[in-house]
Every structure is written in C-alpha cells, then in structure tokens.
Amino acid sequence: MKPITLYIFVHDDVPGSIAHTLGRGYFKEFTEEISFITGRSFAFNEVRHVQGVTDHNYKGENVDDILWSWQKAAAGYKNDKGLEWGKTERYILVTKDPINATTLGCAYPGKPAVIASTRSYQVIAHEVGHSFNATHEDAELGWNAWGGECETYMYHEIADVRGNCYRYTPKNREHIKAFLSDAP
C-alpha cells in the first residue's frame, strides 16, 4: 500500500520555537492513529522558505477564497516538483495565526489542500481529518484518562476548559478508512 505523504509547508510567520516541535507536538498522535486505522505509513516532507508558497497570504474573511488560493499555490508547487495530487497526498500550510477571528483552519472534504494554524494542537488533525472526509457531525466529547472532558479531533468548537482526546471517533475512523480504501 502506498504511504500517505504529507507536504508540510511551514509558513514564514511560524516561529522557530513552534516549527521545531511540529512533528512531536502536532503530527505524531493523529498520524499514528490514521496509520492504525488504514494500515498505511506516513511520509513527511517539510517545506520552508519558498517564495510564493510559504509566504502565502492566508488571512481574511472569505475562507473559501483563501482555501482556493492556497489550493492553486500548492498545485503550482506540485507541478513544479513533479509531485502527485491524489487521495494519499496532503499539502498542508501550517500557519502561526488563525485565518480570521473565527476560523483556525480549513480544508475541502476529500481534497489535498489544507490550511491549519498552530493555535491549538488539534487544528492540523482536524483539518487533515476533513480532507479524508471526517465530519463535525460524527465528532463527540469524551473523557480522558484523568477524568477530564475532552474533544475528539473533529469536534467543531475548541474550548480551553476541555482537553484534547487525541483520537477520532469510531464513525470518523470509518470515514477515513473508507476514503483511503480504494487508493493505491
């Protein structure tokens, strides 16, 4: 089975102190879970300091236009490098800030282009989940090992009073598995 390849575009505004913790802090837990669910491994490709790509303007009120613009920039990078663009490739713009006051990230269901801020540890997992057809409707609150309330990755509202469950729900695991089941 083909691995899931993540092209991680670290926006120029992400401070080094955050950029150096992306793998362990933001990607480790959810990629291990997706590997477990799908039987696929991951390949990670970090991209930095590419003019017109890692300095992409991701802030604004019209989230659809911003995501469309990122998709075009990511596709241009893919074309320049001769990369693939399908079910097992994801082009993630990791940003320091949210897109606007209410939007921490965005992704089209089933599509490779993703924007996610480092504002919360679960934003990247949430948006990548959308890109693999996971939904808000099948998210839920749960309880962590210490008895505290936590949010599964696709929960639609992050609250400081709740923790991160570090998992997708069984229904969202099914969505992810089904999406990737017919990929090479």
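The model is a predicted one, in which local features need pLDDT of at least 70 and side-chain atom pairs count only at pLDDT 80 or more, while totals for chains, interfaces and linings use all residues. Residues are numbered from 1 along each chain as its sequence is written, and side-chain values use heavy atoms, with hydrogens and water left out.

Reader: Which residue of β3 is the bridge partner of L6?
Author: Strand β1 (residues 4-10) runs parallel to β3 (residues 89-95), and six bridges join the two. Along this pairing V10 stands opposite V94, and the partner of L6 is R90.

Reader: Which residue of β2 stands opposite Y7?
Author: The strands β1 and β2 also pair in the parallel sense, over six bridges. The residue of β2 opposite Y7 is N45.

Reader: How many of the seven residues of β1 are buried?
Author: Buried means under 20% relative accessible area, exposed over 50% and partly exposed in between, with a 1.4 Å probe and protein chains only. On one side of β1 the buried residues are I4, L6, I8 and V10, and on the other they are T5, Y7 and F9, so that both faces are covered. The strand is therefore largely enclosed by the rest of the structure, and the number of its buried residues is seven of seven.

Reader: At which residue does helix α2 bend?
Author: Helix α2 (residues 22-38) has 17 residues and reaches 22 Å from its first C-alpha to its last, close to the 24 Å expected at 1.5 Å a residue, where the expected span is 1.5 Å times one less than the number of residues. The bend at a residue is the angle between axes fitted to the seven residues ending there and the seven starting there. In α2 a bend of about 50° is found at K28.

Reader: What covers the buried residues of α2?
Author: The buried residues of α2 are L22, Y26, F27, F30, T31, E33, I34, I37 and T38. What covers these residues includes β1, α1 (16-19), β2, β3, α4 and α5 (170-181).

Reader: How far apart in sequence are the parts that K2 and E84 tie together?
Author: A salt bridge is a side-chain nitrogen of Lys or Arg within 4 Å of a carboxyl oxygen of Asp or Glu, and the side chains of K2 and E84 meet in one at 2.5 Å, N to O. Because K2 lies in the segment before β1 and E84 in the loop between α3 and β3, the pair ties together parts separated in sequence by 82 residues.

Reader: Which residues are linked with D97 in a network of salt bridges?
Author: The side chain of D97 meets that of K59 at 2.9 Å, N to O, and that of R119 at 4.0 Å, N to O. At 16% relative accessibility D97 counts as buried, whereas K59 is partly exposed at 44% and R119 counts as exposed at 52%. The residues linked with D97 in the network are K59, K96 and R119.

Reader: Which residues is P112 in contact with, leaving aside its neighbours within four places in sequence?
Author: P112 lies in the loop between β4 and β5, and at 5% relative accessibility P112 counts as buried. With those neighbours left aside, the contacts of P112 are W85, G86, E89, R90 and Y91.

Notes
Pairing = 2+ DSSP bridges. Helix = DSSP H or I, 4+ residues; strand = E, 2+ residues; numbered from the N terminus. Contact = heavy atoms within 4.5 Å.
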